[in-house]
Amino acid sequence: MDYYQLTPDAIDDALASMGIYVDRGLMALNSYENRVYRFQSESDGTLVAKFYRPERWSKAQIEQELAFVAAAAEQGVRVAEPLARDGHSLFEFNGLLFSVWRSVPGRAFEPDNLEQLEALGEQLARLHRVGESMALNQRPVMEPGTGLAHAREVLERQAAIPKTLRATFFSALDQLIAGVTEHYRPGKLIGIHGDCHGGNLLWDGGPWLLDFDDCRRGPAVQDLWMMLSGDRQEQLIQLDTLLAGYEAEREFNNAELALIEPLRAMRMINYMAWLAARWNDPAFPLAFPWFNSEDYWQQQIKALNEQVLSLTAPPLSLTSWG
């Protein structure tokens, strides 16, 4: 079955292989890394089918993702759960791995809503309590060494950086990678969501955590910092609100606040490499037409240089305001 040209008939056949039948409303959802479809099943209600991109994760890695989600649900964390058949949640049809999930209700999460942020902090703390007890030994570890070296290699081989900008770009990139290596000193690594931002959240009387495709071992603060926005004062208010909910369930190590800028730098670099690596997928040029333009790479050089300076700035501190 061709991952890049999944047809409705192919999706129907895959779902039928596990005893689920599409009644109506098959619709592709906004997902670039995997192929995700929502549909109505007469017997099971509204469901979501997720077909995994080949060679991104191994079968064992995906099974650990699903086990993490299932364990979180058992502990009362508000997560979308995969369906299980005969004790399994990962299925294979004609060479493609897929899972099927209960569709959760809700509207877009509001990152500037302090009530929602506090509730999210509580849910993340509950998730991290589960993450402390799960090895996730098949999933990646959030560390800059091999990860950023690989990202640099991808950018050098696959990114269409104009020749006139290549030397300047890679000089800035190498300086930032060196800075991250120097300043990223995580303590305890636990199982985390890994990609907790507004696009992976819904709100319905509380937050729903969605899409654990990037779950891994890392510092707890990784699941918090992407919810911060605005100027420093606004971020401090948001952080204080998140941690008010978080520390009602689990103690937070404030020393991890110094990891925010190294983690931001890692995300910047990995995001550029991700776009470069996926550029041959027809969905990417359509979704990101600005990528690989000269203006884009000029902006990235500026952003890399600014992030180098951010690594040496004083970290957010809750004792510095209020």
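Predicted model: local features only at pLDDT ≥ 70, side-chain atom pairs only at ≥ 80, totals over all residues.

**Cores.** I looked up the largest nonpolar core and got 88 residues. L155, F169, L209, W297 and L304 have the most contacts inside it. Helix α8, residues 260-277, gives the most to this core, with 10 residues. I then found another core apart from it, with 19 residues, including L15 and Y37.

**W297.** Which residues does W297 touch, not counting those up to four places away in sequence? I listed L155, A159, A160, I161, P162, L165, F169, M272, F291 and N292.

**α5 and α8.** Next I checked helix α5 (residues 163-183) against α8: the angle is about 140°, and the axes are 9 Å apart. Roughly antiparallel would need over 145 degrees, so I have α5 and α8 down as oblique to each other. Their crossing is left-handed. On the α5 side I noted F169, L173, L176, I177, V180 and H183; α8 brings P262, A265, M266, I269 and M272. I sorted the residues of this contact into 10 nonpolar, one polar and no charged.

**α2 and α3.** Helix α2 (residues 59-74) packs on helix α3 (residues 114-132) at about 120°, with axes 9 Å apart. I logged this pair as oblique too, but the crossing of α2 and α3 is right-handed. F68, A71 and A72 of α2 meet L127, V130 and G131 of α3. That contact divides into five nonpolar, one polar and no charged.

How values were computed:
Residues numbered from 1 in each chain as written. Heavy atoms only, no water. Core = buried A, V, L, I, M, F, W, Y, C linked by side-chain atoms within 4.5 Å. Buried < 20%, exposed > 50% of the residue type's maximum accessible area, 1.4 Å probe, protein only. Helix = DSSP H or I, 4+ residues; strand = E, 2+ residues; numbered from the N terminus. Contact = heavy atoms within 4.5 Å. Axes fitted to C-alpha atoms, helices over the stretch in contact; angles between N-to-C directions. Parallel < 35°, antiparallel > 145°, perpendicular 65-115°, else oblique. Left-handed = near helix turned anticlockwise from the far one by under 90°. Nonpolar A, V, L, I, M, F, W, Y, C, P; charged D, E, K, R; others polar.
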